[in-house]
Amino acid sequence: MEPTNARPVLDLQNITMAFGGLIAVRELSLQIEAGQLFGLIGPNGAGKTTIFNIITGQYTPTEGQVFFNGQDITGWKPNAITEAGIARTFQNIRLFTSMTVLENVLVAYHVRQKTKLWQSILFTPGYLREERRMRTAGLELLEKVGLADLANKKAGALPYGQQRRLEIARALATNPKLLLLDEPAAGMNPEETSRLTEFISEIRDEFNLTVLLIEHDMSLVMTVCEQIRVLDYGTTIAHGTPVQIQQNSRVIEAYLGEAKEYA
């Protein structure tokens, strides 16, 4: 997908994150345009998840600013950032395993619920109408992501690959414009990873998303991402297309091991 806006969807300006004497991210600037599939790679401890936590409001950067669609969201609370249009998944799956697939999605829809708590307690007509609308929307979303036939199954009973897909679906239910995927292929076998690679591209197009992902599976990164940033100890060491990253001698030596083509 070609970028559609001149203004970046996400603009990180000179971000530094320090934990005491440890600098996790140092003077990072990063711009992601609308519709891009953007990869963030590097070894453990490179600062990748710290960046996600800054974008989504878990951390306030020591220095620098975060702009989303031109608005400064630095220091916003996580719920406000979700409402603004940023959603994420986690390396360790965080589903409500005792709830059904549909119920997991409905939890996310409540982020944008218009009726008030007292209306839910009294089961007012307005609340019941909104609940019906959310249920219909949830079933439609599950249909789009290939989980509709599992709507009433417990989330904890799903195979691992489908749990990952459900976690992404739950993030989509918040109606994001920017989706952050934290190691979505972690723990997957090659067949599951191949299906996930196709799925990420499909949801980007289906839901008109911009996607930023962290991933250690280089085959997935090189196949799905259009731009890649490589970090080492919180500092950028390379940025470019998959072909440029594959040919970068420093990246090859430090992270990829050797020059390699990824189909």
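Predicted model: local features only at pLDDT ≥ 70, side-chain atom pairs only at ≥ 80, totals over all residues.
A residue is classed as buried when its relative accessible area is under 20%, as exposed when it is over 50%, and as partly exposed in between (1.4 Å probe, protein chains only). Residues are numbered from 1 along each chain as its sequence is written, and side-chain values use heavy atoms, with hydrogens and water left out.

Helices (H or I, at least four residues) and strands (E, at least two) are taken as DSSP runs and numbered from the N terminus. Helix α6 comprises residues 160-172. Of the 13 residues of α6, 10 are buried, so the helix is largely enclosed by the rest of the structure. Among them are Gly161, Gln163, Leu166 and Ile168. Arg164 is also buried, at 2% relative accessibility, as is Glu167 at 3%.

The side chains of Arg164 and Glu167 meet in a salt bridge with an N to O distance of 3.7 Å, a salt bridge being a side-chain nitrogen of Lys or Arg within 4 Å of a carboxyl oxygen of Asp or Glu. The two residues are 3 apart in α6, about one turn of the helix. In total, the structure holds 6 salt bridges. Another joins Asp182 and Arg88 at 3.4 Å, N to O. This pair links distant parts of the chain, with Asp182 in strand β7 (residues 178-182) and Arg88 in strand β6 (residues 86-88), 94 residues apart. Both Asp182 and Arg88 are buried.

A salt bridge is also formed by Glu226 and Arg204, whose closest N and O atoms are 3.1 Å apart. Glu226 lies in the loop between α8 (218-224) and β9 (227-232), and Arg204 lies in helix α7 (residues 190-206), 22 residues away in the chain. Glu226 is partly exposed at 26% relative accessible area, whereas Arg204 is buried at 6%. Salt bridges with shared partners join Arg204, Asp205 and Glu226 into one network.

The search of the whole structure finds 1 aromatic pair. Phe19 and Tyr59 form this pair, which is edge-to-face, with 5.2 Å centre to centre and 75 degrees between the planes. Rings of Phe, Tyr and Trp (its six-membered ring) pair if their centres lie within 6.5 Å, and planes under 30 degrees apart count as stacked, over 60 as edge-to-face and the rest as tilted. Phe19 belongs to strand β1 (residues 10-19) and Tyr59 to the loop between α1 (48-55) and β4 (63-68), so the pair ties together parts that are 40 residues apart in sequence. Phe19 is partly exposed at 34%, and Tyr59 is partly exposed at 28%.

Strands β1 and β4 run antiparallel and are joined by 5 bridges; two strands pair if DSSP finds at least two bridges between them. Phe68 in β4 is the bridge partner of Leu10. Strand β4 also pairs with strand β5 (residues 71-72) in the antiparallel sense, over 2 bridges. Here Phe67 stands opposite Asp72 in β5.

Terms used. Expected span 1.5 Å × (residues − 1).
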